[in-house]
Every structure is written in structure tokens, then in C-alpha cells.
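Hi,

Here is the structure I promised to pass on to you. My notes follow it.

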Amino acid sequence: MTRRPYIVGNWKMHGTRAMLSEARAIDRAAQRHMKVEVALAPPFTLIHPIHREAEQISVGAQDCHHEDGGAFTGDISAAMVADAGAKFVILGHSERRQGHGETDGLVRAKAQAALAAGLRIIMCCGETIDIRESGRAVAFVGKQLKASLPPADEAPADLAERVTIAYEPIWAIGTGTAATTDDIAEMHAEIRKLLVELYGEEQGGEARIIYGGSVKPENAAEIFAVPDVGGALVGGASLTADSFMGIALAAGEPTDH
Ligand code: PEP
């Protein structure tokens, strides 16, 4: 890994103000783990309260709309989450692709809106179990990513800083069974090839690729040892400071101070 490992918690639809104490505990622990970049994507309602108090972690959103504003009842724009304190947004998560019918084209439009609003993005991709078992996982993820990411001529010049890819096999999310290290290594190498092909060595060669899907303190070290795993997107295990920071610890030793 050339950059600090990036460990991002996705709280999904979990968390009321009662969870602010957990976010505070994560922030305090992150101050002792400066070798790791720790970030949290709580529900929209907690972005501002966590941002206001956080000293170390960055806060992000789990989605945003592709338009700047307008008659879109119940939606929220990239500029709005940025205004609330979000520094990044997770896009194309399988729970949105599958549960909300988000197409690659829509995810790409959201990516462009988020980047235009000054946010960093975490672009999720991943295959179903059927696709994996039929041997089409690499081809599927390549096609999905190519259609979801901004085209090269519309990509930001500092893409490596602002775009992170999260490889999240759908069958590994929330199941307790992570992908094998061989499967992760193969997919990350293919994603890296694609990023270089799309954006060139300087940006595509440097953008982070993180893994998500049942990462826990117990399996984090072996996953982080896989070549080109730049961190993790963590769902269930990010809901308590103990387990989330157990994962961060596996990515980098505590800082002495
Ligand atoms: C996720 O939903 O992004 C995720 C990786 O979930 P979990 O860690 O619970 O598998």
C-alpha cells in the first residue's frame, strides 16, 4: 500500500442520536491510529452532528441524488450532504442497485454530481453469487465499473485522491463469509488494470481499491495483506467502536503519543 489504509464504516440505516457516543469513541480511537484514515458514513440525519464533533475521522453520506436540487421529494443532493459536513459519498452500493433499481447510468450521474460538488466518492461494485459461480465475475465487475465511473474526459484531474473503488461481492455482504484472499487478489488486480486503462498510470495507478464484505477484526489482517487492498468498507462491524477499530488496528499499528 502506498497510501494510508482507508477504513470506512457504512452504518446503513442504523443510528439515532443515541449512537453519537459510539461515533465519539471511534473518533477518539482514530486519534491513536493516525497511520490509518478512518471514515464513517452514518445515515443522513447524523452527518452534521458527527461532523461537528469529529476531530479525526471524516464523515460521508451513503448516497446522493444526481440533480443539484428540485422537485424530488425525499431526496438529498450532493451539495446538501457537503453542506452538512460530508467529505465523501458512497455510490452504487449493491443495496441501492438492487433495492432501488439504480442502473450503472444513474450511478455515473450521481458520481459526476458528487465530484462537481467537491466530494470524494467511494464507487461500489460487485457480483452476485450466480455470476461468480458461472465464472463471469471479472467480466461483470469490469463492465459495471466502466459504466458507473465518469468517462476519462470528464474525470477530475485529481482522480486518484477523490475516487476510491470498493469491491464488494454481493454474496459476502452481511453474510459473515468474506471472499477468499485469492478471489480478492484477482479482482483487485483486474480493477487496477481497468483503472489504468481508463485514466492512465498516474491517476488510475494510484486510486485506492478497498474491499468490502464481512470484514471483521478476525479476518482483517489477512485481507489487508492481499496485494493492492487499500483498506476496507465495513458494514456490520463498524457499528461499535471496538470492532471497527479492531479492523483499523489490523491495518496499522497505533501511533505513539
Ligand atoms: C457493506 O454493506 O458495505 C458491507 C461491507 O457490509 P458488511 O461488512 O456487513 O458485510
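Strands E3 (residues 58-61) and E4 (residues 88-91) pair in parallel over two bridges, where pairing requires at least two DSSP bridges between the strands. Within that pair, Ala61 sits opposite Val89 of E4. Helices and strands here are DSSP runs, numbered from the N terminus (helices: H or I, at least four residues; strands: E, at least two).

This is a predicted model, in which local features need pLDDT of at least 70 and side-chain atom pairs pLDDT 80 or more, while totals for chains, interfaces and linings use all residues. Numbering starts from 1 along each chain as its sequence is written, and side-chain values use heavy atoms, without hydrogens and water.

Now the wider fold. Eight strands form a closed barrel in the order E1-E2-E3-E4-E5-E6-E7-E8, with parallel pairing. On average, neighbouring strands of this sheet are turned by 25° against each other, direction ignored. Helix H2 (residues 44-53) lies across E2 (37-41) and E3, at about 165° to E3; angles run from 0 to 180 degrees between N-to-C directions of axes fitted to C-alpha atoms, for helices over the stretch in contact (heavy atoms within 4.5 Å).

Of the 14 residues around the ligand (a heavy atom within 4 Å), Lys12, Glu168, Gly174, Ser214 and Gly235 come nearest. Ligand oxygen atoms have polar contacts (N or O pairs within 3.5 Å) with backbone atoms of Gly174 at 2.7 Å, Ser214 at 2.8 Å and Gly236 at 2.8 Å. The protein buries 96% of the 300 Å² that the ligand exposes when taken alone (Shrake-Rupley, 1.4 Å probe).

Best wishes

Note on methods. A polar contact is a pair of N or O atoms within 3.5 Å; within protein, one must be able to donate a hydrogen and the other to accept it, and residues adjacent in sequence count only if both atoms are side-chain atoms.
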